[in-house]
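Here is a briefing for someone meeting this structure for the first time. Please look over the sequence and the model before reading on.

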Amino acid sequence: MLMKQAYDTELPRLLKSIDGKDVSGRGAFFCRDTLVLTAEVPRALGAAGVVLRIARDGQADRDMPLSFIATRGGTDTYRLSLSLASLCAPDDHGLFYYEMLFVRGADTLFTDTAQDNVTFALAPRSRGRFRLVVSQNEFDTPAWFHGKTMYHIFVDRFAPRGGTRVAGAVYHEDWHEEIEQFGAYPGAPVANNEFFGGTLWGVIDKLDYLASLGVGVLYLSPIFRSVSNHKYDTGDYETVDAQFGGREALLALIEAARARGMGVMLDGVFNHTGDNSRYFDREGAYGGNGAFSKSSSPYYDWFYFKSYPDQYLCWWDIPILPKLNLSNPACHRYFVGEGGIIDTYTKMGVCGWRLDVADELPNAFLDELRVRVKSATNGRGVMLGEVWENAADKIAYGKRRRYFEGAQLDSVMNYPLRRGLISFVKDGNATALTSVLRELWGSYPLCVCHSLMNILSTHDTERILTTFGGEADDGRFTNAELRVMRMTGAERALAKQRLKMAAALQYTVFGVPSLFYGDEAGMEGYHDPFCRRPYPWGKEDKELVVYYQQLGRIRRENPVLAEGDFRIVCETPHALCYVRENEKGRLMVAASNGQEPFSLTLPRGAVDLISGKRMRTTRVTLAQGEFYIWRLPYASSRY
């Protein structure tokens, strides 16, 4: 483990190992594991003993003394073999918190842990504990997914062809027209019935282009019947929207994607539905059989009415999004029961689900959803949750979530990484990025780390290019102003260079990079709806497209990026260097964003994968804004 500034003397080293392998940088293991904790304590610290204090989440502390092993060179070594099964009994998983106590006569020093779950200092009182996640022994995530690249498609805005026009919708006749519907201020109500004509047939037409980017998973925005262009206000889960081509187009896309080695992932919006839906039917469009229409509706108990019919629970108090009662047995079965919505579409051939607002889905719902997905796919289906923070011990609505203990999610959207990358690439704060990387690698099970959905832009954020070069969206501008704002040539050039660095890191850290449609084409745009403009076919930034194609090739040609170990080997406040390594190869990635030069020593024979050139020197100095991806000789010594 890493150590911060000492309390009053030299710090001890705290090491973790399993079967002789150093796992000091990690904080999540299986129930079957025996974790060996070793404390190497300088004699100058004056410690007469070392104790592990550990508690299951919400339960009482247990104190376990470490055994004295030996003294060598002024250092005392203490050790404890900890059977995780003994901690978890009678269950086979759980969340624990622990700290180390160093007994000095009548005094005790405590490990004062940092937020990254790895670094620590010493303190005279307990001020923070390490996190320990113990997963079920059988927990794993689909290996096929680990090395992939995702492409996030907002269907109405990606590519046009076919589809059915419906009454009540407003259609653009020119694909390149500007968005017309937006509120007077951010968050103002908008009809969202403005369509450009993107369809699933259109996605099929672009599969060869997506293959050139190295894409292996297509993540689609919601495709079920709805009156809106975004379709997060589902009208009918049983129907693929005719505007997008219907069920026929979905089946054709799944087949065409599979022929190119790609999977199709759907967006599952199960926390709430639309008020104009077959289940709620506020407008009577579905025959007046919905919960709003009559209290005798079979869907009445699927919602939370406070005063029937006009007062009901909604997602974020938005009236068009009534919250579903997923604890209702009939509602629960409709989605995750045998033959239900999840079962039906998974058996159609989708490779997995991204779950909208996963924090609001009940544990029982997520438990059975996993069973349904895994049983329908022989364990190959992927479940990703929308979680904006560290998900290892997330508390949502007053309840601790157990996403990664083995019976729920495979992984989550990696918003913490997005924030860390922006801090480093835009502001030069490498510490923010390295802290995030250590925290996630040190908090999540390895299989979860390799499945993280690593994002820079989504339909819920402003375009990353705008973030890197445009005016800050800090409330100074109205939506009408944001709609027409574009970067100057100089701002755009800077933003592109920043984006290239961020993408190089996004594509090489642990996890699966997710590319929001059009980021590779240089699309600009502030918050929703301006981040959802149509893809600029024929007007792409070809330089960026070629660059993303190169990153895609790097991922395909270097399988170490799928499941390789991750280690930060060098860092400063404005620069970092990390290594990905396993039996399939070794890569080193370095980036600098400070005025001070950042120097590194490479083994002989390193190859710069961006330029394709073999390095002629072993000493490299990075200037501000420089970054490299090197393939290292596998036989060279470890860093």
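The model is a predicted one. Its largest pocket holds about 1,400 Å³ of space, and the structure contains zero disulfides.

**The largest pocket**

- Of the 42 residues that line the largest pocket, those closest to its centre are Trp-315, Ile-318, Leu-321, Asp-460 and Asp-528.
- The lining of this pocket is made up of 19 nonpolar, eleven polar and twelve charged residues.

- Just after α7, Gly-349 takes a positive phi of about 120°, and just after α9, Gly-428 takes a positive phi of about 75°.
- Helix α9 has 13 residues, 415-427, and should span 18 Å at 1.5 Å a residue, which agrees with the 17 Å between its end C-alpha atoms.
- At the start of α9, a side-chain oxygen of Asn-414 comes within 3.1 Å of the backbone nitrogen of Leu-417, and Leu-417 is itself among the buried residues of this helix, which also include Tyr-415, Arg-418 and Phe-424.

**Cysteines**

- The sulfur of Cys-351 has its closest cysteine sulfur in Cys-447, but the two are 17 Å apart and therefore too far for a bond; Cys-351 counts as buried because its relative accessibility is 10%.
- Cys-570 is in no disulfide either, the nearest cysteine sulfur being that of Cys-577, 6.3 Å away; with a relative accessible area of 27%, Cys-570 is partly exposed.

**Backbone features**

- Most residues other than glycine have a negative phi, and most peptide bonds are trans.
- A cis peptide bond, with omega about 0°, joins Tyr-308 and Pro-309, and Pro-309 is found in the loop between β20 (305-307) and β21 (311-312).
- The peptide bond from Asp-528 to Pro-529 is also cis, with omega near 10°; Pro-529 belongs to the loop between β28 (512-516) and α15 (542-557).
- Asn-117, in the loop between β10 (107-113) and β11 (120-123), has a positive phi near 65° and counts as buried at 6% relative accessibility.
- Trp-316 has a positive phi of about 50° although it is not a glycine; this residue lies in the loop between β21 and α6 (329-336) and, at 65% relative accessibility, counts as exposed.

Technical notes: Residues numbered from 1 in each chain as written. Predicted model: local features only at pLDDT ≥ 70, side-chain atom pairs only at ≥ 80, totals over all residues. Heavy atoms only, no water. Helix = DSSP H or I, 4+ residues; strand = E, 2+ residues; numbered from the N terminus. Expected span 1.5 Å × (residues − 1). Buried < 20%, exposed > 50% of the residue type's maximum accessible area, 1.4 Å probe, protein only. Polar contact = N/O pair within 3.5 Å; in protein donor to acceptor, adjacent residues only side chain to side chain. Disulfide = S-S within 2.5 Å. 1 Å grid on protein atoms, 1.4 Å probe; cavity = no way out; pocket = protein on both sides within 12 Å on 5 of 7 lines; lining within 4 Å. Points joined across faces, edges and corners; volume = space filled by probe spheres on them. Nonpolar A, V, L, I, M, F, W, Y, C, P; charged D, E, K, R; others polar.
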